[in-house]
Structure formats: C-alpha cells, structure tokens
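Subject: A structure for you to look at

Hi there,

I am passing on a structure that I have just been through. Have a look at it first, and then read my notes below.

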Amino acid sequence: KSVSYAFLGVNGLCTLALGIIEIFQYRASISSQYYFTSKWNWIDIITIGLLSVSQAIDFKYCTWDDIDDLSQEHLAAQTVKSLYASVALLMGLKIIYFLRGYPGSSFLISMLFQVLADMLVFLVIIVIVTISFA
C-alpha cells in the first residue's frame, strides 16, 4: 500500500507541474479568448482535470487489492482505471501533435491525420447501418 501512495505522490507532483505549465501558457497568451480557441489547450485542461479527479478518487477509495464484490472500492477502482486510460489517450494525442514538428515523422503524422479524416465518413455510415439493423 505504501507503493501505491508513493505512486500517487509522484503522479500528483507531475500533475502539479503540468498545471503550472498551463498557467504560464495562459498568462503568456495574447488574451484569454485566444488561449481558449486552441483545441490543444482544451485537451491539456481536460487531461489535467481528469488526472486530478482520478488521483483524488484513487487516494480516497482504492486499495488496489483483489476485490470481487460490487463494493464502493471496486467501483472506484474501475472508475480510476477508466480515467487513467482516458488520460493516457489524451496524452498520446499530444505526443502525436508534437511529433509533427520533427522532419522524420511529420509526413507520417500528417498522413495519419488524413487517413483518420477520410475514415470518419466511413465510420458514420457504419454506425448508421449498425443502428438501423440493431
């Protein structure tokens, strides 16, 4: 259990550092309207918020033991795992965004975004067909 609290402490310090960086970015921006128009700033804010909420739930409820019943600790552990997975996905998006600046990977990242944009129409059609036959 002490390892879990040490992990939460290190994780909390990293979250605090990310929050301080975002505050500096906000103060360095031209205006608050300019800061909040960027989708990447929103991703950063949501990431810090989800990370803070998951750490608070983790600190209060989770023991990370094998819990087989539907107790409050088990539900909290499942929620924390889902929140941490969401944070990992959002941070992965941010890493992909930063990789666009390197000459070796910029073409690949641009190609990835183009493929995802092209797939969006196909996925909408698949969802409509799936819902209509469900």
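What pattern does the protein chain follow when it is read along the sequence? The answer is α-α-α-α-α. In other words, the chain has five helices and zero strands. Please keep in mind as you read that this is a predicted model.

Let's begin with the chain as a whole. It has 134 residues, and 23% of them count as buried. The chain exposes about 9800 Å², with 72% of that coming from carbon and sulfur atoms. I also looked at contacts between residues at least 6 apart in sequence: 52% of these join residues at least 24 apart.

Next, try to find helix H5, which covers residues 103-133. It is 31 residues long, and from its first C-alpha to its last it reaches 46 Å, close to the expected 45 Å. Follow H5 along and you will come to Leu120, where the helix bends by about 30 degrees.

There is also a nonpolar patch on the surface to look for. It is formed by Phe107, Leu108, Met111, Leu112, Val115, Leu116, Met119, Phe122, Leu123 and Ile126, which together have about 930 Å² of accessible area. One of these residues, Leu116, is found in helix H5. Is Leu116 buried, partly exposed or exposed? Its relative accessibility is 47%, so Leu116 counts as partly exposed; a residue would have to be over 50% to be called exposed.

Now for the charged side chains. How many salt bridges does the structure hold? There is one, and in it the side chain of Lys94 meets that of Asp44, with 3.4 Å from N to O. Lys94 lies in helix H4 (residues 72-99) and Asp44 in helix H3 (residues 39-61), so this pair ties together parts that are 50 residues apart in sequence. Are the two partners buried or exposed? Lys94 has a relative accessibility of 14% and counts as buried. Asp44 is buried too, also at 14%, because the cut-off for buried is under 20%.

Finally, stay in helix H3 and look for Thr47. This residue is buried, with a relative accessible area of 5%. Which residues does Thr47 touch, leaving aside its neighbours within four places in sequence? Thr47 is in contact with Val87, Leu90 and Met91.

Enjoy exploring, and write back with any questions.

Best wishes

Terms used. Residues are numbered from 1 along each chain as its sequence is written. This is a predicted model: local features need pLDDT of at least 70, side-chain atom pairs count only at pLDDT 80 or more; totals for chains, interfaces and linings use all residues. Side-chain values use heavy atoms; hydrogens and water are left out. Helices (H or I, at least four residues) and strands (E, at least two) are DSSP runs, numbered from the N terminus. Buried means under 20% relative accessible area, exposed over 50%, partly exposed in between (1.4 Å probe, protein chains only). Contact means heavy atoms within 4.5 Å. Accessible areas come from the Shrake-Rupley method with a 1.4 Å probe; for residues, only the protein chains shown count as cover. The expected span of a helix is 1.5 Å times one less than its number of residues. The bend at a residue is the angle between axes fitted to the seven residues ending there and the seven starting there. Patches are made of residues with over 30% relative accessible area and no salt bridge: like charges are joined within 9 Å, nonpolar side chains (Val, Leu, Ile, Met, Phe, Trp, Tyr) within 5 Å. A salt bridge is a side-chain nitrogen of Lys or Arg within 4 Å of a carboxyl oxygen of Asp or Glu.
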